[in-house]
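Hello,

Please find below the structure I said I would pass on. My notes on it follow directly after.

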Amino acid sequence: MTEIALELKNVSKRIKNKEIIKDVSFQIKQGEVFGFVGPNGAGKTTTIRMMVGLMKITEGDIRIVGKSIQTDYSEAIREVGAIVENPEMYPFLTGRKNLEQFARMVPGTTKERIEEVVQLVGLKKVINDRVGGYSLGMRQRLGIAQALLHKPSILILDEPTNGLDPSGMKEIRQYIRTLAEKENVSVIVSSHLLSEIELMCDRIGVIKNGSLIAVEDVEKNRKIEDSDISEYIISVSNAETAKAHLDSLDESLFVETADETILKTAMKREQIPAVLKELLNNNINVYEVQAAKGTLEDKFFDLIGENVIE
Ligand SMILES: Nc1ncnc2c1ncn2[C@@H]1O[C@H](COP(=O)(O)OP(=O)(O)O)[C@@H](O)[C@H]1O
Ligand SMILES: [Mg+2]
């Protein structure tokens with residue numbers, strides 16, 4: 001069984017009778033990088049503030065490695081490292097002094113651990129320089145180092161690439177992926193830019209107007225984008241049975257059932273005849289085959305409805 005690092009269960013947030021977060025549920029697995037993406041004002045920061053106990057949950061619960069942030073706060077928060085809003089740093093102190101200062105609040109932090117996190121975020125060369133002279137990207141990475149000091153199970157980053165130039169963004173992306181692997185930490189990273197998040201995440205959750213409207217597997221979509229594989233929607237008499245036949249027909253097919261009579265598939269155009277033959281030979285009626293838009297970008301814009309050209 002995969003361990004669940006973070007779980008949101010039917011989380012809602014109301015402020016002055018306005019429902020800001022509406023019944024949001026999702027899970028993040030251990031070691032996974034999860035993108036939390038949506039336009040500005042969608043509710044990302046509000047959701048994250050509830051995850052780290054900065055804001056009360058109106059309804060539902062958030063569990064971190066099984067511990068409720070509401071009823072088991074101190075146990076739960078021990079498992080969390082987070083940057084929400086800008087990390088507080090002393091500009092007149094060096095990066096190392098800043099970390100040491102922070103480490104005093106984290107019992108049991110060793111000198112070795114400080115060196116380890118500095119290495120992890122690639123700040124070794126500049127760690128003895130004053131933070132005042134750091135670029136925004138370097139400051140963000142120092143913030144990540146600080147959040148990692150106590151070896152959390154989950155790292156929560158709210159728009160860590162905001163305001164960075166493309167090379168700064170790229171650096172943050174690379175460090176996030178490596179540290180997920182090296183530290184076996186799960187990462188949830190929010191952004192209003194899909195193109196940004198796609199490059200570093202295993203899965204993404206899309207939020208709009210306070211509702212989670214989709215959770216997508218980025219790997220699957222990458223597969224669709226980087227080849228001549230496209231997505232096709234097939235209407236059949238029985239989607240479950242059809243899926244079973246197609247799963248055993250060809251391993252390279254990606255098949256999922258959307259409802260009782262709709263199959264979603266990812267395949268090459270040349271595979272369509274074999275797929276249809278297989279279905280018809282097994283007495284499954286086929287009513288329609290339709291090419292769907294393939295890329296995650298298209299889907300995202302479909303989902304949030306912002307592909308309006310003005
Ligand atoms: N303290 C608050 N009081 C009232 N409304 C708020 C408060 N915090 C956030 N909101 C509203 O909640 C919505 C979601 O905001 P936010 O979570 O900051 O979105 P995001 O981080 O996705 O840009 C916005 O419409 C915002 O105006
Ligand atoms: Mg925000």
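By class, the residues around ligand 1 divide into 5 polar, 4 nonpolar and 2 charged. Before going further, please keep in mind that this is a predicted model. The residues in question are Ile 15, Lys 18, Ile 20, Pro 39, Asn 40, Gly 41, Ala 42, Gly 43, Lys 44, Thr 45 and Thr 46. Two elements, β2 (18–29) and α1 (44–51), each supply at least two residues of this shell. The most comes from α1, which gives 3 residues.

Several polar contacts with ligand 1 can be listed. In the side chain of Thr 45, an N or O atom is 2.8 Å from an oxygen atom of the ligand. A polar backbone atom of Gly 43 is 2.9 Å from an oxygen atom of ligand 1. For Ala 42, a backbone N or O atom lies 3.2 Å from an oxygen atom of the ligand. Ligand 1 taken alone exposes 560 Å², and the protein buries 59% of that area.

Gly 43 also takes part in a contact within the protein: its backbone oxygen lies 2.7 Å from a polar side-chain atom of Thr 47. Thr 47 is in helix α1, the helix that gives the most to the shell around ligand 1. Is Thr 47 buried or exposed? Thr 47 counts as buried, because its relative accessibility is 0% and the cut-off for buried is under 20%.

Now the chain as a whole. The chain has 310 residues, of which 45% count as buried. It contains 11 helices and 14 strands. Along the principal axes, the C-alpha atoms fill a box of roughly 75 × 50 × 45 Å. The domain assignment gives domain 1 (4–213) and domain 2 (227–304). The centres of domain 1 and domain 2, taken over C-alpha atoms, are 37 Å apart.

On the strands, I looked at β9 (residues 203–208) in some detail. How many of the residues of β9 are buried? The count is 5 of its 6 residues, and the strand is mostly covered. Strand β9 pairs with β3 (residues 33–37) through 4 bridges, and the two run parallel. In that pairing, Gly 35 stands opposite Ile 204 in β9. Strand β9 is also joined to β10 (residues 211–217), here by 6 bridges and in antiparallel fashion. Val 206 stands opposite Ala 214 of β10. β9 and β10 form a hairpin with 2 residues between the strands, and in this hairpin Asn 209 takes a positive phi near 45°.

A second hairpin is made by β12 and β13, again with 2 residues between them. Strand β12 (residues 254–259) and strand β13 (residues 262–268) run antiparallel and are joined by 5 bridges. Glu 256 stands opposite Lys 264 in β13.

Some backbone angles are worth a look when you go through the model. Most residues other than glycine have a negative phi. Asn 10 has a positive phi near 45°. Asn 10 lies in strand β1 (residues 4–15) and counts as partly exposed, because its relative accessibility is 43%, between the cut-offs of 20% and 50%. Asn 184 likewise has a positive phi, near 50°. Where does Asn 184 lie? Asn 184 is in the loop between α6 (166–183) and β8 (186–191). With a relative accessible area of 43%, Asn 184 is partly exposed.

Asn 282 and His 245 are 37 residues apart in sequence, while their C-alpha atoms are 8.1 Å apart in space.

Regards

How values were computed. Residues numbered from 1 in each chain as written. Chains lettered and ligands numbered in written order. Predicted model: local features only at pLDDT ≥ 70, side-chain atom pairs only at ≥ 80, totals over all residues. Heavy atoms only, no water. Domains from an automatic or database assignment. Pairing = 2+ DSSP bridges. Near = heavy atom within 4 Å. Polar contact = N/O pair within 3.5 Å; in protein donor to acceptor, adjacent residues only side chain to side chain. Areas by Shrake-Rupley, 256 points an atom, 1.4 Å probe, with all protein chains shown as cover. Nonpolar A, V, L, I, M, F, W, Y, C, P; charged D, E, K, R; others polar. Buried < 20%, exposed > 50% of the residue type's maximum accessible area, 1.4 Å probe, protein only.
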